[in-house]
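Biologist: I would like to learn how to read this structure step by step. Could you take me through the overall form, then the sheets, then the ligand?

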Amino acid sequence: MLRPVITKVFRLAITIGMIAIINFLVIHSTPGDAVDVLAGEAGVADAGYTAELRQKFGLDQPLPVQLFHYMSRLLQFDLGYSFRHNMPVIDLIAGRIGPTMLLVGTALFGALLLGVVAGTVAASRQNSLLDYTISVLALVGYATPMFWLGLMLVVLLAVGGGILPASGMTTSGSTATGLAYLIDVLRHLVLPAVTLGLFYFATYARLARASVLDALSQDYIRTARSKGLAGHTVLFRHALRNALLPVATMFSLQFGAALGGAVVVEAVFAWPGLGRLAFEAISQRDYNLLQGILFMSSLLVIAINLLTDFLYTVIDPRIRKRA
Amino acid sequence: MAQTEDMQALLDIRNLTVNLLRSGAPVDVLQDVSFSIQAGRVVAVVGESGCGKSITASSIVGLLPPSMQIASGQISFDGEDLVGASERRLRQLRAKSMAMVFQDPMTSLNPLMTIGRQLQEAAIMAFGCSTEKADEIALSMLQKVGIPDAVSRLQEYPHSLSGGMRQRVMIAMALCRKPKLLIADEPTTALDVTIQLQILRLLADLQAELSLTILIITHNLGVVAELADDVVVMYAGKVVESGGVDEILKTPKHPYTRALLAATPRFAIGQPPERIAFKEIKGTVPELGKRGPGCRFEARCPASEPGCAASAPETVRITASHIVACRSREMLQ
Ligand SMILES: Nc1ncnc2c1ncn2[C@@H]1O[C@H](COP(=O)(O)OP(=O)(O)OP(=O)(O)O)[C@@H](O)[C@H]1O
Ligand SMILES: [Mg+2]
């Protein structure tokens, strides 16, 4: 009982360690370092001054030593300091992770829910007009570039009609609290969440349709029908649960990609999340911050994957047995 | 097959024709299929793969694939017409009066539901009873089909059971609704030989005990000999011969039935198998849509005569129960 848990934790620790190392190496393989940026901006190119700074930040040490320091700081959950923002990286991330989770969560769960409904409806009315309509819509959603969709939505709904806000998470200058605040945030959430979610909606709708159709052709469905169950009972009780397994897998695989997509969407809609922070960190060459964001994002993806694995064992008894 | 003509059959199929709708003209999958089953008897339907045995069964329970439909003919079950019956009524009949057991027990149970739940579902559909009552029925049925440790099996999922055990579960599920008719579509084909025998014994025992009426579909003439009272031989969507089990196995009239019997290996103890001659049937069943107007076995028939290819043979009644569709007088002697 305990053994698999220990193996799992051990494997997890190794994964996280590898991610940290790769993170570190990628960032350090880029030309220049934080001191170059600071010195360049201060207009001081004095070699003595930069050497002093490097020594102060430990950047003069050989790479393995720096890696060692980085890793030991990580173990204490110290992600370093952002000189740009004059704040510890962890505090910056803590302030931004909420909006990102709100955006990505709304987009993905909304896409999942609507996609499964649309796919199931399409499958249960295979080759009907409704099926064709859903399939075409899904195909369009699948093929539409995210940034283009975002810009179109802004043009159509925000600039033209002024129906929905297209920038930020709250109305600037607003002091609303309670319900009014919530409504304000939700209104701001609509466009970025739709922009980010459409692609995933299309993916889930297509996948759900295919896997419901597949499930409906299985022998156990024939058994269920031969018991005299009504069509909708067969669909919901017998086919849908089986059909959800591949969708769940896809969901967990795509979470990381959706975090990546959030970078674009947050930039387009000035959404105050991790993605925009990362975007700024790149353009400002704020290496500590970027490294911290990458690391935290990896942890998020791992957490979601663990959660899906767990959900899988709840849904599927065959896996429960193996685990 | 009516042993006594005046008795009303539980199931009576008359001139059933089923079409497959596809682009272009519909093609027949079944043509003029007729046979009947008296209550309490076991009827075996035999024939090569693709002859329409499963489609016949699906027509009876109203579960034809969406691409097929009954073009003409009657199916009457317990005096009730099934061809014109509403979907609702057919569902009711499936829930209460007609049960099916399928070929592959490995895939016929829902992998995400416990055995108990799947049995319970069938009992509730049949009797509209409470879940407690349904569980009781499920448990007693599992014990009846010889599943050891039935109480704990109820909690288990299909994957933890062997093929033989799963087929027992399928049989329990079929029988827990006390059906008037049990349709078993190749119930042993997917199982090991030793397990096949066990399942057949079980079916035979249950049939005797509960005086079940069974329609069993099979490739295996051993199964026929073991279990059946009457036999229907199908070829390419048609019934070519039907009769009592002795009539079919001992005095087969149709060249196809004879070929089928000759193609069945018979092993006698103490004799090397190769000593016993058995012949494969050359050629294959003609495909759907490539079936001419004449006798469908003509191309493979050792006794074919001029004229066989041109028009379909008439059905000849040899005895009260024995019917054959062949024009060769010589054969019919
Ligand atoms: N869903 C379907 N769609 C189209 N054609 C089908 C379908 N199911 C069966 N058929 C065709 O109908 C014919 C009769 O099939 P059926 O399943 O009744 O054969 P069978 O006698 O049961 O064969 P087997 O012994 O292999 O089970 C075959 O030609 C088969 O290809
Ligand atoms: Mg079949």
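**Reading the fold and the ligand site**

Modeller: Chain B has 333 residues, for which a compact globule would have a radius of gyration near 20 Å, and the 21 Å of chain B agrees with that; the radius is taken over C-alpha atoms, and the globule rule is 2.2 Å times the number of residues to the power 0.38. This is a predicted model, in which local features need pLDDT of at least 70 and side-chain atom pairs count only at pLDDT 80 or more, while totals for chains, interfaces and linings use all residues. Residues are numbered from 1 along each chain as its sequence is written, chains are lettered from A and ligands numbered from 1 in the order in which they are written, and side-chain values use heavy atoms, with hydrogens and water left out.

Biologist: How many helices and strands does chain B have?

Modeller: Helices (H or I, at least four residues) and strands (E, at least two) are DSSP runs, numbered from the N terminus. Chain B has eleven helices and twelve strands, and its C-alpha trace spans about 65 × 55 × 45 Å along the principal axes.

Biologist: How should I read a sheet, and what is the strand order in the open sheet of four strands?

Modeller: Strands of a sheet pair through backbone hydrogen bonds, either parallel or antiparallel, and two strands count as paired if DSSP finds at least two bridges between them. The four-strand sheet of chain B has the order β2-β1-β4-β5 with antiparallel pairing, and its edge strands, β2 (27–37) and β5, each pair on one side only. Within this sheet, β1 (residues 11–20) and β4 (residues 68–77) of chain B are joined over eight bridges, with I13(B) having I75(B) as its bridge partner and D12(B) standing opposite S76(B). That residue, S76(B), also stands opposite D81(B) in β5(B). In the hairpin of β4(B) and β5(B), two residues lie between the strands, and D78(B) takes a positive phi near 55°.

Biologist: Which strands are at the edges of the eight-strand sheet?

Modeller: That open sheet of chain B has the order β6-β7-β8-β3-β9-β10-β12-β11, with mixed pairing. Its edge strands are β6 (98–101) and β11 (315–317) of chain B. Between β6(B) and β7 (residues 181–185) of chain B the pairing is parallel over four bridges, and M98(B) stands opposite L181(B) there.

Biologist: Which residues are closest to ligand 1, and how many surround it?

Modeller: A residue is near a molecule if one of its heavy atoms lies within 4 Å of it. By that rule 16 residues surround ligand 1, and the closest are S49(B), G50(B), K53(B), S54(B) and I55(B). Helix α1 (residues 53–61) of chain B gives the largest share of this shell, three residues.

Biologist: What polar contacts does ligand 1 make with G50(B), E186(B) and H219(B)?

Modeller: A polar contact with the ligand is a pair of N or O atoms within 3.5 Å. An oxygen atom of ligand 1 is 2.8 Å from a polar backbone atom of G50(B), an oxygen atom of the ligand is 3.0 Å from an N or O atom in the side chain of E186(B), and a polar side-chain atom of H219(B) lies 2.9 Å from an oxygen atom of ligand 1. The protein covers 66% of the 630 Å² of accessible area that ligand 1 has on its own, with areas taken from the Shrake-Rupley method with a 1.4 Å probe.

Conventions:
Polar contact = N/O pair within 3.5 Å; in protein donor to acceptor, adjacent residues only side chain to side chain.
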